[in-house]
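Please keep the structure in view while reading.

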Amino acid sequence: MSEGTPGTAALVPPPEEPTLLGLHEMELNFGPQHPATHGVLRVVLKVDGERIVSARPDVGYLHRGTEKLFETETYPMVIPHTDRMDYVAAATNNHAYCLAVEKILGVEVPKRAQYIRVLLDEMQRVSSHLLWLATAAIDLGAITPFFYTFREREVILDLFEEYCGARLTLNCMRIGGLPVDLTPGWVERTQAFFETLEAKIDEYEDLLTENRIWKERTVGIGVLAADRCVAWGVTGPVLRAAGVAWDVRRALPYECYPELEFDIPVGKNADTYDRYLVRVAELRQSRRIALQCCDWLAKNPEGEIRGKVPRVIKPAAGMAYASVEAPKGELGFFLVSSGANKPYRLHVRAPSFVNLQSLPEMIRGHLVSDLVAVIGTYDIVLGEVDR
Amino acid sequence: MSLLDRILLLDIFAGLGVTARHLARPADTVEYPEKAKEPSERFRGMFLLDEERCIKCTLCAIECPINIIYIDWHSEKNAEGKAEKKLDRFDLDMKRCMFCGLCEEACPTNPRSIWLATKTYELGTYERNESLYLDIRKLTQWDGNVKPFPTADPAKAPVNPAKEK
Amino acid sequence: MSQSLLYNVLIPVTKAVVCFLVVALVAGVLTLIERRVLAALQIRKGPNRVGWNGALQWLADVVKLITKEDHVPSKAEKVVHLLAPLLVMAPALTVFAVLPFGPDFSVTLPWIGKVTTPVHAAADVNVALLLLLAVSSIGVYGIILGGWGSNSKYALVGGLRSAAQLISYEVPMGFAVVAAILMANSLSLVAIIEAQRKAGVWFVFPGLIAFFCYFVSGVAETNRIPFDLPEAESELVAGFHTEYSGFRWAIFFLSEYANMIVISTVATTLFFGGWLRPFPNVAWLGFLDVVPPMAWLLLKVCLFLFVYIWFRGTFPRYRFDQLMALGWKALLPISLGNLVLVAFAALWGAAGLRVLGAVLTVAFAGGLLWARLRPARPRGTTSMAGRPAEVRV
């Protein structure tokens with residue numbers, strides 16, 4: 001095909017611009033088998049030296065067809081499957097799904113169950129943020145916070161195990177309430193744990209917050225301004241670090257959150273460092289909420305834990321959307337019922353998936369090392385991204 | 001952080017201080033095969049079935065989200081001339097189990113006749129098909145199938161009523 | 001037997017062989033020590049199964065690494081790939097030739113008689129420092145070639161990073177070493193130790209800044225956290241040795257540890273008085289002489305190695321460009337400025353060194369004390385909205 005032929009110009013790809021040394025960009029395949037991609041994320045990079053010209057996230061390596069699977073299960077049977085989406089924060093997944101079904105059924109959850117649910121949510125948030133801190137630090141080369149945060153996370157997992165019998169895939173909520181009541185002494189143990197958490201968070205901050213290397217690696221890295229965050233639909237700590245105080249717990253309150261006192265930490269600079277600060281501040285806020293819940297539960301040791309739910313759940317035809325503030329962002333379940341005992345369609349608005357879409361924009365122009373920091377800063381769980 | 005703080009390397013020393021303080025603390029880990037943490041009372045571990053108490057209602061199989069419980073039964077006249085359900089097959093494909101515990105919750109007998117809440121969690125095997133495919137013999141074989149947890153209080157574990165009689 | 005043959009061939013060769021064996025052994029044991037210390041920093045136990053409380057773990061690792069498959073990736077540059085580990089290993093061990101481990105000692109050997117020789121692998125070379133800097137920078141070739149010859153992009157990037165890093169950190173390291181040379185008026189390592197005895201002060205006090213520059217550059221030269229970019233596990237999988245396995249990988253590993261020992265020994269020699277006891281001129285501390293000189297050296301080197309491990313357990317990793325910025329924009333001017341300072345003090349003689357040492361030490365210690373005594377900064381003061389979010393409809 002000669003160059004001058006009219007009409008064929010569009011078919012010929014434009015010659016690649018030679019870069020600094022007259023060389024072309026190198027394609028670097030980052031993942032899916034890579035220590036820093038938090039599972040099986042694959043990012044195809046075009047790098048000029050170490051500078052990233054373009055990044056294309058390639059998801060789907062952990063796709064299990066969960067949303068289709070939901071359609072074959074009766075309503076209670078869906079709950080264990082939701083555990084396996086964001087597998088480091090199963091309680092919030094259970095919660096969001098149960099809220100959606102309760103909304104379409106019009107069931108009211110007893111007060112005590114609400115408080116226990118909120119307490120479980122906040123414990124899950126703490127454990128998820130601790131895991132995030134551990135992995136984000138290890139991505140940037142600091143191996144030790146991993147072991148310190150896991151020590152605290154272990155206590156939370158033990159408490160979960162004592163309550164519902166599992167440590168990760170909790171299956172700890174039921175439509176209309178909870179499967180079982182708390183074991184004796186559980187509230188006191190939870191309270192004791194959260195009393196000691198503050199000093200531990202100070203320790204993590206001593207290790208990282210002011211450290212010059214940590215700051216150099218995170219300040220100004222992966223900036224995604226507020227308007228771009230909103231345009232991409234980014235939620236959770238990433239959005240709040242951009243200065244938007246959007247938190248589902250306040251914005252679309254559910255359960256007993258209006259009765260609880262807590263602040264929404266927001267950042268200013270929308271960079272990786274602010275996201276770190278926001279998450280650490282959220283640890284402290286979650287601790288505040290959890291202690292309030294423990295107080296309430298200690299004062300009200302008895303009570304219903306399950307609302308009036310029919311034995312066979314067959315909601316009327318219709319739709320419902322319910323969302324919770326999961327550790328990663330707004331986790332929503334959109335439920336379409338055809339009147340059968342199985343959902344007609346159950347769509348999940350997974351925060352990890354939505355947040356991850358902005359990766360190419362966030363990483364453009366940074367170095368390969370920053371890609372690790374930026375992937376870490378999203379706090380993605382591939383189980384939720386791919387579903 | 002002021003320039004003076006940076007020159008004095010305060011941030012560096014703060015971090016070194018945290019790790020140095022941990023140097024003096026005892027290890028938080030346990031040495032697994034010798035010492036092990038005891039699972040909680042509600043821990044979802046290995047399956048147990050009490051065949052005599054089971055009323056063959058198949059609710060556990062119905063409630064199972066991934067359909068790993070297979071139950072076949074037939075009706076038989078017993079000595080008194082009443083129709084009675086007899087189990088032909090009660091299989092549980094443990095290798096696919098996700099330990100949600102819905103089968104246990106669905107069981108209508110009191111006390112329940114299928115348990116997930118045993119303290120056995122060492123389910124690793126060298127081949128996956130036979131060891132983790134539980135038939136009625138394996139499900140009811142209380143000693144060989146489910147090892148009592150070394151430190152567990154035997155009074156708290158599910159008691160096989162068949163043995164009690 | 002002629003004395004010349006004895007002193008020029010037999011003794012050096014014996015010492016070299018012994019030194020080689022000891023270094024290889026120590027580097028092996030160091031891997032175990034590092035894992036145990038790191039575990040203690042991280043409130044866990046570390047390897048404690050093989051042998052008494054894990055004491056033979058390193059041996060098990062060696063056996064495992066030797067018996068592992070020596071894999072060469074397809075389309076790799078075979079010769080280069082296979083030679084690269086040796087190119088890293090050789091300079092790392094060669095440097096030991098000039099390191100002084102103790103003063104002269106005498107042994108009476110059968111048939112030969114009394115022999116007096118310094119505790120050195122080879123000799124007290126009068127340009128030992130120059131040789132040291134020159135030889136240790138050859139090691140980078142092995143890393144670049146290993147990265148390039150592996151036919152892997154990650155390894156290539158790791159090798160290139162390493163090249164840039166090692167070259168740029170040679171410069172501040174050189175200037176830091178020059179400060180010590182100025183203070184001692186000699187390039188010979190033994191002479192530098194003797195100068196510290198004469199001056200009555202370890203060079204770390206007047207050379208506080210030089211020591212800081214030297215040690216930071218040294219950590220960077222050995223590719224250790226916070227400067228372990230060439231192998232940056234979370235970014236480049238394993239950097240330049242991604243495609244290496246078995247014994248070749250072990251050689252890379254071994255040379256890294258050998259380099260750590262070299263840097264620690266040189267730091268001890270230049271700034272901490274080598275084999276001298278603390279305060280070598282204070283007479284009433286004479287009872288400290290019951291500890292043999294080599295033990296003092298060993299103790300100091302061990303402290304440095306601990307600091308290496310401690311750093312690894314504490315810090316995150318620099319980014320590539322930040323590392324270069326630190327080297328060229330911070331360490332280079334600092335070490336140059338310090339050179340002027342030290343030069344003036346050295347002009348004044350031993351008294352000048354003492355005054356400079358006192359001033360620097362008091363300033364630094366006083367600053368730390370002041371920082372300790374001032375009110376602590378409030379915790380958890382992230383900017384909070386503390387207000388309910390506006391609901392977007």
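Accessible areas in this account come from the Shrake-Rupley method with a 1.4 Å probe. The model under discussion is predicted. On that basis, chain B exposes about 9,600 Å², and carbon and sulfur atoms supply 55% of this area. Chain B has 165 residues, of which 39% count as buried.

The secondary structure of chain B consists of seven helices and five strands. Along the sequence these elements follow the pattern α-α-β-α-β-β-α-β-β-α-α-α. Among the contacts in chain B with a separation of 6 or more, 69% are accounted for by residues 24 or more positions apart.

In chain A, helix α4 covers residues 111-139. Its 29 residues, taken at 1.5 Å a residue, should span 42 Å, and the end C-alpha atoms are 41 Å apart, which agrees with that expectation. After α4(A) comes A:Gly141, which has a positive phi, near 100°.

Attention now turns to the contact between chain A and chain C. The size of an interface is often given as the accessible area lost when the parts come together. For chain A and chain C, about 4,000 Å² is buried between them, with 59% of it on carbon and sulfur atoms. Chain A contributes 53 residues to the contact and chain C contributes 41 residues.

How many salt bridges are there between chain A and chain C? The count is one. The side chains of C:Arg319 and A:Asp370 meet in a salt bridge, with an N to O distance of 3.0 Å. C:Arg319 lies in the loop between α11 (293-312) and α12 (320-348) of chain C. Is C:Arg319 buried or exposed? With a relative accessible area of 9%, C:Arg319 falls under the 20% limit and is therefore buried. Leaving aside residues up to four places away in sequence, C:Arg319 touches A:Arg217, A:Ile221, A:Leu367, A:Ser369, A:Asp370 and C:Leu229.

Chain C also carries a nonpolar surface patch of about 510 Å², made by C:Leu5, C:Val9, C:Val13, C:Val17, C:Phe20 and C:Leu21. One of these residues, C:Leu21, is placed in helix α1 (residues 3-41) of chain C. Because its relative accessible area is 52%, and exposed means over 50%, C:Leu21 counts as exposed.

Note on methods:
Residues are numbered from 1 along each chain as its sequence is written. Chains are lettered from A and ligands numbered from 1 in the order in which they are written. This is a predicted model: local features need pLDDT of at least 70, side-chain atom pairs count only at pLDDT 80 or more; totals for chains, interfaces and linings use all residues. Side-chain values use heavy atoms; hydrogens and water are left out. Patches are made of residues with over 30% relative accessible area and no salt bridge: like charges are joined within 9 Å, nonpolar side chains (Val, Leu, Ile, Met, Phe, Trp, Tyr) within 5 Å. A salt bridge is a side-chain nitrogen of Lys or Arg within 4 Å of a carboxyl oxygen of Asp or Glu. Helices (H or I, at least four residues) and strands (E, at least two) are DSSP runs, numbered from the N terminus. Buried means under 20% relative accessible area, exposed over 50%, partly exposed in between (1.4 Å probe, protein chains only). Contact means heavy atoms within 4.5 Å. The expected span of a helix is 1.5 Å times one less than its number of residues. Buried area is the accessible area (1.4 Å probe) that two parts lose on being put together, summed over both.
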